[in-house]
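Colleague: I have a model open and want to talk it through. Could you take me over the packing and the chain contact?

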Amino acid sequence: MVQTEAALEAYNAYWANSPLPAADILWMVVILIVAILALWQARVFVSKF
Amino acid sequence: MDLKALQKQERQKRVKYGYMWALFCAVLWGLWYLPGTAVWVLNPFDEMYGEIAAGSGDGVALVVVAVLITAFNALTVILALMVWNGTLGKLGEMKRTLKEIKPCTKWFFLASIFGGPIAILGSFMAMGFVGGAFAAVAALLYPVVGSALAAKWYGEKISKRAFAGIVIIILGGITIFGGGVLTELGSGNVMWLGYLGGLMAATGWGIEGAIAGKGLDIAEPDIGITLRFLGENIIWWIIIVPVLAIAGFPMFKYALLVFEPLVLLVLVFAGITFGFCYVSWYKSFPLIGVGRGQGIANLYGLFAVISIYLFFGDVPSWTIIVGGALCLIGSTVMFSEDTGEIESLRGD
């Protein structure tokens, strides 16, 4: 289902007031960084225990 | 180095990792609120809400749309956990554990009943019939249920210091969401179904933790949580979604409309945060115990507020700052506990 103009407007409005630049992309980058960090720590954990 | 010193060093390492996993859980849980909130305004969920609300009212629409979103969330969580287990080289272990129904798989399937349709649905009911702040406060009480059950059932020890830390973190969470709760309760329009939902959230997650602790006696946390979500997917996709479709709600019509890049992207990020958060939660239990793991994971309230401020720009009020300070004090009380206190997690 294609997003309607109203749905896209409501979605973009979430990130519009963020104090961070490009918040609509940055949130995904932050999640990926934390997720990769967790996965890396899980590998370290497996090697230690 | 003598044996005692080696044992102490090993114990310190385990406790350090246990707290680290509980903290990863809290950070990822807090980040989950970003895709978890944004997905509601996207189609097909937005149109689905409108269609159901027009016929059955806003309360019913909220719960039914929540069921479909949660079902998709469970699906993307399984994908994220496959990546997690694949990276750690544990897919073979998963097959082996799945076959052992009696000693371990049954515990994780049971955990999925309490964590999925009871806790998550209860949380959405509390949100829909009372409000988001009430739902958050109700859920914060789950470590009390979890640690009490773990102590009663298999004698998990909880020191006075750890208990004090859990209580301070809960008080911090209540302060964070307190203002909102008073407004919601003061509206005088509260339905008993909302309170029931709050009770379902607190008991559901608490019981899930205690049951998972039992299953984790013999299974790996990474595998245990994947089986728990396999169980949750069966509950949503084989039982609840078809039952709602038979009851006349347009479940499959809108489920088939989900294949759109933006909504799929948001659902995938919800799956990564929720899946990795849950696996971290389960990994903390055998290392520091269910009570401590759930207590530190309760910092998600603080991380949710920080994520929402950073990315949605919602400025926190003074109650949130006071509550956040209480959360930090509570976690410091727990982190600074002498590891000798956690020498044995069980009383036996």
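**Helix packing and chain contact**

Modeller: H5(B) passes H10(B) in a right-handed crossing; that label applies when the near helix is turned clockwise from the far one by less than a right angle, and left-handed when anticlockwise. Helices here are DSSP runs of H or I of at least four residues, strands are E runs of at least two, and both are numbered from the N terminus. This is a predicted model: local features need pLDDT of at least 70, side-chain atom pairs count only at 80 or more, and totals for chains, interfaces and linings use all residues. Residues are numbered from 1 along each chain as its sequence is written, while chains are lettered from A and ligands numbered from 1 in the order in which they are written.

Colleague: At what angle do helix H5 and helix H10 of chain B pack?

Modeller: Helix H5 of chain B covers residues 101-129, and helix H10 of chain B covers residues 221-246. Axes are lines fitted to C-alpha atoms over the stretch in contact, with angles from 0 to 180 degrees between N-to-C directions. The axes lie 8 Å apart, and the angle is about 55 degrees.

Colleague: What share of the residues in chain B is buried?

Modeller: Chain B has 15 helices and zero strands. A residue is buried if 20 or more other C-beta atoms lie within 10 Å of its own, exposed if 12 or fewer, and partly exposed in between, with C-beta atoms placed from the backbone. Of the 348 residues in chain B, the buried share is 55%.

Colleague: Which element gives the largest share of the side of chain A that touches chain B?

Modeller: The contact takes 27 residues from chain A and 28 residues from chain B. Helix H1 (5-16) and helix H2 (23-48) of chain A each supply at least two residues of that chain A side. The largest share, 14 residues, comes from H2(A).

Notes. Two residues are in contact if their C-beta atoms, placed from the backbone, lie within 7 Å.
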